Amino acid sequence: MEHISQNIAEIQQRIANAAKKANRAANEITLVAVSKTIPAEYAAEAHRCGISNLGENKTAELISKKALLPSEIKWHMLGHLQTNKVRKIVGECGLIHSLDSLRLAEQINRVSLEKNVITECLVEINIGEEPQKFGISPKNTENFIQKVACFSNILIRGLMCVAPVSHFGESNRNFFAMMRKLFIDIQKNKLDNTTMDILSMGMSQDFETAIEEGSNCVRIGTALFGKREYV
Ligand SMILES: *Cc1c(COP(=O)(O)O)cnc(C)c1O
């Protein structure tokens, strides 16, 4: 488990360097440690090493890990959310990164109303317009947000993307730049009932490029916990 504290220190240094390169402050960038498939005791170790944001991509795994870990941790739901799982997750996580349809927004709003909570969400953008991926297409994003803004119990906080798979970050630079442009354009329009302040992009392979292009929330699994083993 020693590798975790070392990895965190290295990643924080790399975040700081990338922020500096872009003339930004390192402390404006949130590091979400992605603990999916990783045992809870490793996530607990990350928390002891200063991590306060953890991300998961499955509802059941988020709920079960949350129960084992300190309550001050902020949990991030990153994966595609089926409407029948919404009841489980609303009220349990601090931020849903993967709002990707109106139907899902309606269900989140309905359950949030019932539970009397405001659910904070990012809109997932299919920035590479890849047919196999979830997410709103860039050209429909503003219209989508306007519709969701009418829901009383959802607060849109920004945008998220999973950029096309790449083995070196540089190849996603254009996608990250497109995301930033979309983010800023929507921010400028000051839509009611939306707070466009989170731009969630960048993973283990490409987080430095993402930060240089404006990300203020990076989601890092492999580089922090090591390679995942799927069973
Ligand atoms: C798994 C996952 C990550 C972390 O990916 P790594 O390449 O392991 O850093 C980030 N975001 C989402 C949505 C994921 O599903």
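Predicted model: local features only at pLDDT ≥ 70, side-chain atom pairs only at ≥ 80, totals over all residues.
Residues are numbered from 1 along each chain as its sequence is written, and side-chain values use heavy atoms, with hydrogens and water left out.

Visitor: How many helices and strands are there in the protein chain?
Guide: Happy to count with you! Both are DSSP runs, helices being H or I with at least four residues and strands E with at least two, numbered from the N terminus. On that basis the protein chain has nine helices and eight strands.

Visitor: Which backbone N or O atom lies 2.8 Å from an oxygen atom of the ligand?
Guide: A polar contact here is a pair of N or O atoms within 3.5 Å. The side chain of Arg228 has an N or O atom 2.8 Å from a ligand oxygen, and a polar side-chain atom of Arg219 is 2.9 Å from a ligand nitrogen. The backbone atom you want belongs to Gly221.

Visitor: How much of the ligand's exposed area does the protein bury?
Guide: Areas follow the Shrake-Rupley method with a 1.4 Å probe. Alone, the ligand exposes 390 Å², and the share buried by the protein is 89%.

How values were computed: Polar contact = N/O pair within 3.5 Å; in protein donor to acceptor, adjacent residues only side chain to side chain.
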